[in-house]
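User: I have a model open and would like to learn how to read its features. Can you take me through them?

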Amino acid sequence: MPKSKSTTATTAYQSKKNQAQEIYRKVVETRMNEGLSYSAIARELEISKTAVYRHLAKWKRGLPVDETKPNCRPEKVTPQLRQTLGQLVTRQDVPTSKSLAKAISTKSGTPINPRTICRHLSNYMGYQSSIPRAVPLLTPLQKTRRVEWCLQHRDFNWDNVWFSDETYIEVNYRVTSVWHKTGQKSTFQKPKFSGRIMCWGAVSTRVKSKLAVIVGLMTAQRYVDTLKAHLIQNKNKKTIKRMVFQQDGASSHTAKLTRAFFRK
């Protein structure tokens with residue numbers, strides 16, 4: 001019956017320990033059986049002369065082979081903790097190095113530095129750290145309606161459409177880098193109305209409007225004033241008659257004042 005993965009898997013430290021014990025055994029056997037000098041033992045085993053001195057000094061002190069340790073510290077993040085670490089990256093909303101190190105330290109009972117977490121995530125587990133991409137905060141119903149709308153208009157001629165939209169520019173907007181699998185861009189949900197300065201514009205394959213900067217909330221009156229100042233211009237009047245104006249379902253876009261403006 002094959003052994004389970006937990007019994008056959010060895011850590012990097014255990015591998016180095018086995019290697020150190022094997023070299024120790026060969027050095028002692030070569031010295032006892034062949035009586036070679038330190039330099040000859042180093043040449044035969046292809047190790048440094050200093051290593052030969054160190055191992056024979058241990059042998060003279062009576063150190064058993066199974067108590068020999070490599071010249072490195074045991075790793076704090078074992079394969080079992082790496083598995084836990086991967087689960088924490090998936091479970092935490094904002095999996096930063098500090099939050100992951102704190103959780104792993106609590107579970108293992110040993111303080112672990114965030115840099116150690118970074119090294120294991122990037123070198124051994126295929127993760128990378130980056131700033132999440134903002135995505136709209138949509139309900140399942142909104143997502144379904146968007147997909148249905150796209151399917152209905154997949155054969156539509158978009159050359160005659162004038163696309164318009166607003167965007168918020170946030171002052172001192174900062175996002176913390178989070179860990180995720182390499183090649184999979186992380187995202188975070190962001191409320192739609194959270195900015196301080198709004199910019200509006202409209203583009204098409206033929207023309208584009210001037211960029212409008214709106215301070216404060218976009219009301220129906222401000223929206224209509226923006227359209228009058230930046231959309232309805234003499235050079236665009238002939239083009240507008242042949243164009244379809246696109247806008248989303250924001251309250252300022254669907255207000256009675258706005259609908260009356262478009263009818264006029």
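Predicted model: local features only at pLDDT ≥ 70, side-chain atom pairs only at ≥ 80, totals over all residues.

User: How many salt bridges does a search of the whole structure find?

Analyst: The general idea comes first. A salt bridge is a side-chain nitrogen of Lys or Arg within 4 Å of a carboxyl oxygen of Asp or Glu. The search of the whole structure gives 2. One joins E22 to R25, with the closest N and O atoms 2.1 Å apart. The other joins the side chains of R25 and E29, at 3.1 Å from N to O.

User: Where do R25 and E29 lie?

Analyst: Both are in helix α2, 4 residues apart, about one turn of the helix. E22 and R25 are 3 residues apart in helix α2 (residues 12-34), so about one helical turn separates them. Helices here are DSSP runs (H or I, at least four residues), strands likewise (E, at least two), and both are numbered from the N terminus.

User: Is E22 buried, partly exposed or exposed?

Analyst: Use the cut-offs: buried is under 20% relative accessible area, exposed is over 50%, and partly exposed is in between (1.4 Å probe, protein chains only). E22 has 30% relative accessibility, so it counts as partly exposed. R25, at 29%, is partly exposed. E29, at 36%, is partly exposed.

User: How is a pair of aromatic rings described?

Analyst: By the distance of the centres and the angle of the planes. Rings of Phe, Tyr and Trp (its six-membered ring) pair if their centres lie within 6.5 Å; planes under 30 degrees apart are stacked, over 60 edge-to-face, and the rest tilted. The structure holds 6 aromatic pairs. One of them is Y38 with Y53, edge-to-face, at 4.4 Å centre to centre and 75 degrees between the planes. This pair links distant parts of the chain: Y38 sits in helix α3 (residues 38-45) and Y53 in helix α4 (residues 49-60), 15 residues apart. Y38 is buried at 15%, whereas Y53 is partly exposed at 43%. The rings of F261 and F262 have centres 5.5 Å apart and planes at 70 degrees, so that pair is edge-to-face. F261 is buried at 18%, while F262 is partly exposed at 34%.

User: Which residues form one aromatic cluster?

Analyst: W149, F156, W158 and F163 do.

User: Which residues have the most contacts inside the largest nonpolar core?

Analyst: A nonpolar core is a set of buried Ala, Val, Leu, Ile, Met, Phe, Trp, Tyr and Cys residues joined through side-chain atoms within 4.5 Å. The largest core has 15 residues, and W162, W200, I214 and L227 have the most contacts inside it. Two or more residues come from each of β3 (161-169), β6 (197-203), β7 and α9 (220-230). Apart from this core lies another, of 14 residues, among them L85, V89, I104 and I112.

User: Which residues is L227 in contact with?

Analyst: Contact means heavy atoms within 4.5 Å. Leaving aside neighbours within four places in sequence, L227 is in contact with W200, I232, F245, F261 and F262.

User: Which residues make the nonpolar surface patch?

Analyst: Patches use residues with over 30% relative accessible area and no salt bridge; like charges are joined within 9 Å, nonpolar side chains (Val, Leu, Ile, Met, Phe, Trp, Tyr) within 5 Å. Accessible areas come from the Shrake-Rupley method with a 1.4 Å probe; for residues, only the protein chains shown count as cover. Here I169, I197, V213 and V215 make a patch of about 360 Å². V215 belongs to strand β7 (residues 212-215) and is exposed at 63%.

User: What does H120 touch?

Analyst: Not counting residues up to four places away in sequence, H120 touches E75, V77, R82 and M125. H120 lies in helix α7 (residues 114-123) and is buried at 4% relative accessibility.

User: Where is S252 found?

Analyst: In helix α11 (residues 251-254). S252 is buried at 7%. Beyond neighbours within four places in sequence, S252 is in contact with M218, T219, A220, Y223 and T258.

Terms used: Residues numbered from 1 in each chain as written. Heavy atoms only, no water.
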